[in-house]
Amino acid sequence: MSPLIIHPDLNEQTLERERILCLKQGKVDPKFHYETQKQSDLWLKVHEQFAPPTDVSCLYQEAGQFLAGLIKPKASTLLSLGCGGGEKDITILRKLPLDVNFIPTDISIPLLQAVAQRAKREGLRVGSPLAFNIFSTENIRNFIGPHLSRQNIFTSFGLIPNFHPQEILPTIHSLLQPEDYLLFSANLAPRGIDEILPQYNNQPTKDWLAEFLQRFGEAKGQITISTAREEQLDFISARFIFSATSILATGGKEFVFEPGEQIDLFTSYRYTKDSIKRIFSEHHIEVAKEFISQNGEDGVFVCQAQ
Ligand SMILES: C[S@@+](CC[C@H](N)C(=O)[O-])C[C@H]1O[C@@H](n2cnc3c(N)ncnc32)[C@H](O)[C@@H]1O
């Protein structure tokens with residue numbers, strides 16, 4: 001397996017600055033929920049319990065089959081943005097010719113290492129795993145460029161819903177060349193967002209999200225997970241609400257939180273099939289084909305840049 005490559009922005013000094021910003025602004029960047037081995041393990045537990053890949057694996061198999069008919073095998077790379085546990089990418093790759101190169105990428109080094117080893121065990125052709133922040137200040141296409149082929153499949157499963165569309169879609173669009181494909185997944189809310197709240201409002205999810213604050217000291221309070229709607233977008237919102245004065249400290253700096261103060265821990269936007277098409281098209285990304293689960297709650301979308 002080619003060695004893991006870490007983007008220079010992923011250095012402890014920059015990350016510490018960004019963590020401090022999260023505490024100051026009271027809003028946690030999603031990438032900080034997957035950083036440590038413990039967070040990765042807690043997230044994998046949540047993922048196994050509340051989003052079992054077997055339930056929707058047929059969507060990824062169908063999407064893989066569809067792509068197999070479109071790509072040029074010897075000149076193709078599948079680059080996964082935010083690969084996480086990598087199950088979905090591996091399901092797709094099993095349907096593609098074996099000479100398609102797989103580049104797992106994520107901000108979490110523990111997750112990346114696990115995925116690369118797993119893909120290798122499955123007999124897939126694995127290139128260098130790349131560790132980077134997709135919102136890095138440098139143009140990410142420059143960093144990933146040497147690992148790409150003439151035609152590329154970018155996958156982004158479970159990542160897009162964690163960001164406001166305005167925040168993530170311009171970045172995704174900037175990666176796509178005319179021959180490339182984007183495959184992304186979204187959890188949909190066909191019968192309204194309240195029905196899926198239990199998938200988030202549970203103890204394993206709270207334990208995972210609380211872990212970010214633990215590293216700075218004892219945060220006294222509790223996590224509230226609820227549904228919300230802003231700018232015509234529905235989302236799940238997890239907030240930490242302090243119930244007693246808490247002092248969190250890092251890098252020699254202290255942050256005092258008083259009872260009633262809140263930290264926005266996590267957001268997951270929920271789309272419908274139609275809102276996805278409309279919002280992506282506003283960002284010049286066209287949905288060419290969609291695969292929707294029988295219960296209508298999960299969708300895999302094959303797209304190209306307009
Ligand atoms: C919800 S998980 C989805 C994982 C996997 N693709 C799946 O669907 O099972 C989101 C993944 O994106 C990664 N991630 C979050 N913020 C990121 C960022 N700014 N840059 C790169 N990866 C990021 C996390 O480490 C995590 O593995």
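The legends below describe close-up views of a predicted model. Residues are numbered from 1 along each chain as its sequence is written. Because the model is predicted, local features need pLDDT of at least 70 and side-chain atom pairs count only at pLDDT 80 or more, whereas totals for chains, interfaces and linings use all residues.

**View A. Surroundings of the ligand.** The ligand is surrounded by 18 residues, a residue being near a molecule if its C-beta atom, placed from the backbone, lies within 6 Å of it. The closest are Tyr-34, Gly-82, Gly-84, Phe-157 and Gly-158. By class, the shell holds 9 nonpolar, 6 polar and 3 charged residues. In this division, Ala, Val, Leu, Ile, Met, Phe, Trp, Tyr, Cys and Pro count as nonpolar, Asp, Glu, Lys and Arg as charged, and the others, Gly among them, as polar.

**View B. An open sheet of 3 strands.** The strands follow the order β8-β9-β12 with antiparallel pairing. Strands (E, at least two residues) and helices (H or I, at least four residues) are DSSP runs, numbered from the N terminus, and two strands pair if DSSP finds at least two bridges between them. At the edges lie β8 (221-230) and β12 (262-270), each of which pairs on one side only. Neighbouring strands are turned by 20° against each other on average, direction ignored; axes are lines fitted to C-alpha atoms, for helices over the stretch in contact, and angles run from 0 to 180 degrees between N-to-C directions.

View C. Strand β8 is joined to β9 (residues 233-242) by 10 bridges, and Ile-223 stands opposite Phe-240 in β9. Helix α8 (residues 203-214) packs on the sheet, where it touches β8, β9 and β12, and its direction makes about 105° with that of β8. Two residues are in contact if their C-beta atoms, placed from the backbone, lie within 7 Å. The hairpin of β8 and β9 has 2 residues between the strands, and Glu-231 takes a positive phi near 45° there. Between β9 and β12 there are 8 bridges, with Phe-235 opposite Tyr-269 in β12.

**View D. The two assigned domains.** Domain 1 (51-188 + 271-305) and domain 2 (193-269) are given by the domain assignment, whose bounds come from an automatic or database source. Their centres, taken over C-alpha atoms, are separated by 28 Å. The contact takes 5 residues from domain 1 and 4 residues from domain 2. On the side of domain 1 that touches domain 2 there are 2 nonpolar, 2 polar and 1 charged residues.
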